[in-house]
Amino acid sequence: MRALVLGMGNDLFGDDAVGLRIVEELARRPELKGFDFEMSESGGLALLDVLAGYDKAYIVDCVPDDSENTGRVRRLGPDELCCQPMTLSSHYAGLPEVLALGKTLDIPLPKIEILAVSVDDPFWIMEGLSAKMRRALPSIVDEVREILLTSRERTPEK
């Protein structure tokens with residue numbers, strides 16, 4: 001089974017880059033050998049090419065939330081995106097629109113799970129993560145790592 005872990009975000013918008021930082025760290029973990037790791041700052045229709053050929057894709061991105069939930073990881077299916085603030089994307093086309101277009105055009109897409117990380121404000125222009133997010137990052141990386149390892153154990157090889 002080919003599995004992709006895709007970090008999404010924008011380095012110019014502070015905590016919006018948390019998905020990129022998580023995937024950078026996970027890609028260095030030897031126990032996650034077998035997963036492919038990619039990062040995308042642009043999003044939009046280019047995601048269809050990135051997702052092509054995979055059986056499973058984990059998309060790590062931020063979702064606006066209040067500061068009490070900063071760093072919380074939620075597991076979402078693509079059908080749950082329409083109800084989430086994530087549809088207010090800072091990317092050219094939001095993930096829900098891209099996935100809907102792929103489905104409409106009958107483009108084969110992998111089974112997708114979104115790992116949505118709560119951030120206080122993903123639209124604050126600044127370089128680097130906020131201090132609060134930097135402190136939360138190691139535990140977020142560990143949580144996402146566990147999700148990947150657990151799902152790999154439950155997924156039969158093709």
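Trainee: Why are Phe-35 and Tyr-58 called buried?
Mentor: Buried means under 20% relative accessible area, exposed over 50% and partly exposed in between (1.4 Å probe, protein chains only). Phe-35 has 8%, so Phe-35 is buried. Tyr-58 is buried as well. The model is predicted: local features need pLDDT of at least 70, side-chain atom pairs count only at pLDDT 80 or more, and totals for chains, interfaces and linings use all residues. Residues are numbered from 1 along each chain as its sequence is written, and side-chain values use heavy atoms, leaving out hydrogens and water.

Trainee: How many aromatic pairs are there?
Mentor: Rings of Phe, Tyr and Trp (its six-membered ring) pair if their centres lie within 6.5 Å; planes under 30 degrees apart are stacked, over 60 edge-to-face and the rest tilted. That rule gives 2 aromatic pairs. In one, Phe-35 and Phe-37 have ring centres 6.4 Å apart and planes at 50°, so the pair is tilted.

Trainee: What makes the pair of Phe-35 and Tyr-58 edge-to-face?
Mentor: The angle: the planes of Phe-35 and Tyr-58 are 70° apart, and the centres 6.2 Å. This pair links distant parts of the chain, 23 residues apart. Phe-35 sits in strand E2 (residues 35–40), Tyr-58 in strand E3 (residues 56–64). Strands (E, at least two residues) and helices (H or I, at least four) are DSSP runs, numbered from the N terminus. Phe-35, Phe-37 and Tyr-58 are joined by ring pairs into a cluster.

Trainee: Why is the contact of Arg-21 with Glu-24 called a salt bridge?
Mentor: A salt bridge needs a side-chain nitrogen of Lys or Arg within 4 Å of a carboxyl oxygen of Asp or Glu. For Arg-21 and Glu-24, the closest N and O atoms are 2.9 Å apart. The two lie 3 residues apart in helix H1 (residues 18–27), so about one helical turn separates them. Arg-21, at 22%, is partly exposed. Glu-24, at 30%, is partly exposed too.

Trainee: How many salt bridges does the whole structure have?
Mentor: The search finds 11. One of them joins Glu-31 to Arg-145, with the closest N and O atoms 2.5 Å apart. Glu-31 is in the loop between H1 and E2, and Arg-145 in helix H4 (residues 131–154), so the pair ties together parts 114 residues apart in sequence.

Trainee: Which residues does a network of salt bridges link?
Mentor: Glu-25, Arg-28, Arg-29 and Asp-142. Within it, Arg-29 bridges to Glu-25 at 3.3 Å between the closest N and O atoms. Glu-25, at 26%, counts as partly exposed.
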